[in-house]
Amino acid sequence: MPISSRDIDKSFQNKVEEIASADFRRCMQCGQCTGMCPVVEQMDFTPRQIMHLIQFGQFERVSQARSYWTCAACHSCMVNCPRDIDIPQVMEAMRLLVLRDNEDQVHPNKLSPEQLREMPQIAFVSGFRKLTA
Amino acid sequence: MKLAYYPGCTLKTKARNLEESALAGLRELGVEFIELDQWNCCGAVYSLATDDLIHQVAPLRNLIRVQQEECDAVFTLCSQCYNTLARANVRVNENAEDLKTLNTFMDEEPDYGGSVTVMHFLTLLRDVVGWDKLKSAVKKPLKGLKVAPTYGCSLIRPDPVAITPNNTPVIMAEFLEAVGAEPVQSPDSNTCCGSFQALGNPDAALETSGRILRSAQKAGAQALVLSCPMCDYNLGRRQPAIVEKYEEINEMPVYYFTQLLAVALGLEADVCRFDLNSPEKDGNTLTAAAV
Ligand code: SF4
Ligand code: SF4
């Protein structure tokens with residue numbers, strides 16, 4: 001898909017930059033992050049593609065992505081990024097852009113009895129912190 | 001150095017096997033510490049947003065409690081608590097403006113000065129006790145027990161809070177050698193178990209946890225050791241689902257490293273609380289190796 005400079009949604013990029021100080025503009029599309037990501041097979045766009053879409057201000061497409069709802073904030077991408085970009089922070093910015101509009105991604109009443117019984121407290125605290133408003 | 005212990009929410013409930021074995025081991029090693037009697041949940045995950053400080057209040061309040069007890073350092077057992085407290089500490093030490101905002105916001109509390117050191121129990125064993133002293137305290141070395149260290153994420157990433165190099169971690173292997181076990185090198189020792197995606201995308205957690213187990217098995221491990229209740233859930237409690245999904249993966253015991261410590265120090269097995277482990281609930285693989 002050809003992208004012209006007119007298609008770049010700058011206000012979306014500004015919002016990402018407000019939430020995350022990480023500089024997505026420095027990304028050189030090497031793909032190290034994708035290679036390190038333990039959950040990439042469950043994503044629709046790889047971490048590198050997410051960076052690419054944000055660099056080109058493609059809010060419509062990136063806002064539909066599942067990738068940052070699959071990201072486990074494990075920081076494997078970041079510690080191997082040759083440009084030292086805090087990719088997990090960019091993923092968090094994408095989550096927060098949606099969550100701050102009160103759109104929860106997990107619902108406590110939909111958890112299975114097995115999950116409720118077996119999961120440790122930190123799973124609930126961290127899951128709700130990252131995936132609900 | 002005056003030491004405080006910060007338990008965190010899971011240590012008093014689902015992870016009593018981690019807490020009871022660790023504290024009994026520490027007492028046996030003659031390390032003095034106080035347990036904080038006032039603490040709150042640290043938030044379990046570090047907030048990555050730069051425009052929002054509210055999630056730093058919880059970890060910082062705990063560091064103020066440490067300061068009030070006039071302790072120089074605080075240690076945690078849970079990897080996630082370690083990461084959350086340590087990263088908040090780094091943030092306010094690097095950013096005076098953030099510290100000022102947080103101190104002003106918590107006007108009912110004494111100001112946090114930034115001087116508390118946040119440690120994980122493994123760091124404490126390495127830097128305060130020392131591997132040599134630990135070795136000489138071992139009464140029942142875990143001879144021939146092949147164990148895969150499982151670091152996960154929170155102990156080793158990102159760099160400012162890493163307790164051992166994240167690409168070539170060694171601290172857990174050093175611990176295993178000190179207690180007489182045989183560390184097994186697996187390429188997925190530093191792979192994430194899927195963490196809180198156990199809630200959001202359980203399939204993703206199952207897949208990456210399966211990979212960790214498969215690699216450990218290929219490397220010849222008889223058991224996994226870890227330090228995080230989140231890893232324990234994904235790799236231990238969810239193991240039956242993993243074994244069912246991937247037929248090449250066999251059941252493997254999962255222990256907290258502190259249980260190996262307690263057994264090697266010759267402590268009574270009841271401090272290990274193997275009943276809380278999963279899938280193996282009797283600790284037999286571990287206790288059989290202790291001679
Ligand atoms: S590793 Fe860094 S530079 Fe390379 S594609 Fe990922 S974000 Fe871009
Ligand atoms: S932090 Fe997220 S995107 Fe980066 S490697 Fe981990 S799961 Fe993948």
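Modeller: Gladly! A salt bridge is a side-chain nitrogen of Lys or Arg within 4 Å of a carboxyl oxygen of Asp or Glu. Searching the whole structure by that rule gives 20 salt bridges over all chains. This is a predicted model, so local features need pLDDT of at least 70 and side-chain atom pairs count only at pLDDT 80 or more, while totals for chains, interfaces and linings use all residues. Residues are numbered from 1 along each chain as its sequence is written, chains are lettered from A and ligands numbered from 1 in the order in which they are written, and side-chain values use heavy atoms, with hydrogens and water left out.

Colleague: Why is the pair of A:Glu118 and B:Arg237 called a salt bridge?

Modeller: The closest N and O atoms of A:Glu118 and B:Arg237 are 2.8 Å apart, and the rule asks for a distance within 4 Å, so the pair qualifies. A:Glu118 lies in helix 8 (residues 113-118) of chain A and B:Arg237 in helix 10 of chain B, so two chains are joined by this pair. Helices here are DSSP runs of H or I with at least four residues, strands are runs of E with at least two, and both are numbered from the N terminus.

Colleague: How do you know whether B:Arg237 is buried or exposed?

Modeller: Buried means under 20% relative accessible area, exposed over 50%, and partly exposed in between, using a 1.4 Å probe and protein chains only. B:Arg237 has 17% relative accessibility, so this residue counts as buried.

Colleague: What about the salt bridge of B:Glu108 and B:Arg61: which parts does that pair tie together?

Modeller: Their side chains meet at 2.6 Å, N to O. B:Glu108 sits in the loop between helix 4 (96-105) and strand 4 (117-120) of chain B, and B:Arg61 in helix 2 (residues 57-68) of chain B, so the pair ties together parts that are 47 residues apart in sequence. With a relative accessible area of 52%, B:Glu108 is exposed, whereas B:Arg61, at 22%, is partly exposed.

Colleague: What makes B:Ala15 buried?

Modeller: Its relative accessibility is 1%, so B:Ala15 counts as buried. B:Ala15 lies in the loop between strand 1 (3-5) and helix 1 (16-28) of chain B. Leaving out residues up to four places away in sequence, B:Ala15 touches B:Thr10, B:Pro229 and B:Tyr256, where contact means heavy atoms within 4.5 Å.

Colleague: How many residues are in contact between chain B and chain A?

Modeller: 45 residues of chain B are in contact with 43 residues of chain A. The area buried between the two chains is about 3,700 Å², with carbon and sulfur atoms giving 58%. Buried area is the accessible area (1.4 Å probe) that two parts lose on being put together, summed over both. B:Leu48, B:Phe196 and B:Leu199 supply 21% of the area that chain B buries against chain A, more than any other three residues.

Colleague: How many salt bridges cross that interface?

Modeller: The rule finds two salt bridges between chain B and chain A. B:Asp51 forms a salt bridge with A:Arg100, with the closest N and O atoms 2.8 Å apart.

Colleague: Last one: which residues touch the most other members of the largest nonpolar core?

Modeller: Those are B:Phe75, B:Phe121, B:Leu142 and B:Phe175, in a core of 150 residues. A nonpolar core is a set of buried Ala, Val, Leu, Ile, Met, Phe, Trp, Tyr and Cys residues joined through side-chain atoms within 4.5 Å.
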